[in-house]
Amino acid sequence: MSDIIKDKIYRAFFSEFAPDISNESLESNVKYLLSKDFDTAIDVAYKEFTGSGPGIEQINYFNELLGKEQQS
């Protein structure tokens, strides 16, 4: 998976779960997540911004986003 696709997915996550995040913090967090493998990055982001790891619904949400990004 390309960093461009991961970047879009991480930004979608922050839009959904941290809509009031500052641009500076958004850029910093996306950069950090891009340094991790995808599964680890999703787990880290969920724990940081929701207090727990992703459940089945959230994993399905990211798989859906991934599918859409890969089609475009």
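Visitor: Where is the place of glutamine 58?
Guide: Glutamine 58 sits in helix H4. The model we are looking at is a predicted one.

Visitor: How far is glutamine 58 from isoleucine 42?
Guide: Their C-alpha atoms are separated by 9.5 Å. Along the chain, glutamine 58 and isoleucine 42 are 16 residues apart.

Visitor: What does isoleucine 42 touch?
Guide: Leaving out residues up to four places away in sequence, isoleucine 42 touches Tyr10, Pro54 and Phe62.

Visitor: How many residues are in the largest nonpolar core, and which have the most contacts inside it?
Guide: That core has 17 residues. Those with the most contacts inside it are Ile9, Tyr10, Phe13, Phe14, Leu33, Ile42 and Phe62.

Visitor: Back up a bit. How many helices and strands does the chain have?
Guide: The chain has 4 helices and 0 strands. Read from the N terminus, the elements run α-α-α-α.

Visitor: How compact is the chain, going by its radius of gyration?
Guide: It is as compact as a globular protein of that length, because its radius of gyration is 11 Å and the globule rule gives 11 Å for 72 residues. Along the principal axes, the C-alpha trace spans about 30 × 25 × 20 Å.

Visitor: And what share of the residues is buried?
Guide: Buried residues make up 28% of the 72 in the chain.

Visitor: Now H2 and H3. At roughly what angle do their axes cross?
Guide: The axes of H2 (residues 23-34) and H3 (residues 38-50) cross at roughly 145 degrees and come within 9 Å. The crossing is right-handed.

Visitor: Which residues make the contact?
Guide: H2 supplies Asn29, Tyr32 and Leu33. H3 supplies Ala41, Val44, Ala45 and Phe49. By type, the residues of this contact are 6 nonpolar, 1 polar and no charged.

Visitor: New topic: lysine 6. Buried or exposed?
Guide: Lysine 6, which lies in helix H1, is buried, because its relative accessible area is 11% and the cut-off for buried is under 20%.

Visitor: What does lysine 6 touch, then?
Guide: Not counting residues up to four places away in sequence, lysine 6 touches Met1, Leu34, Lys36 and Phe38.

Visitor: And aspartate 7, buried or exposed?
Guide: Aspartate 7 is also in helix H1. Aspartate 7 is buried, with a relative accessible area of 18%.

Visitor: What is aspartate 7 in contact with?
Guide: Setting aside neighbours within four places in sequence, aspartate 7 is in contact with Val30 and Leu34. Leu34 is also touched by lysine 6.

Visitor: Last one, aspartate 20. Buried or exposed?
Guide: Aspartate 20 is exposed, because its relative accessible area is 77% and exposed means over 50%. The place of aspartate 20 is in the loop between H1 and H2.

Visitor: How far is aspartate 20 from glutamate 64?
Guide: Their C-alpha atoms are separated by 24 Å, and the two residues are 44 apart along the chain.

Notes:
Residues numbered from 1 in each chain as written. Predicted model: local features only at pLDDT ≥ 70, side-chain atom pairs only at ≥ 80, totals over all residues. Heavy atoms only, no water. Axes fitted to C-alpha atoms, helices over the stretch in contact; angles between N-to-C directions. Helix = DSSP H or I, 4+ residues; strand = E, 2+ residues; numbered from the N terminus. Left-handed = near helix turned anticlockwise from the far one by under 90°. Contact = heavy atoms within 4.5 Å. Nonpolar A, V, L, I, M, F, W, Y, C, P; charged D, E, K, R; others polar. Core = buried A, V, L, I, M, F, W, Y, C linked by side-chain atoms within 4.5 Å. Buried < 20%, exposed > 50% of the residue type's maximum accessible area, 1.4 Å probe, protein only. Rg over C-alpha atoms; globule rule 2.2 N^0.38 Å.
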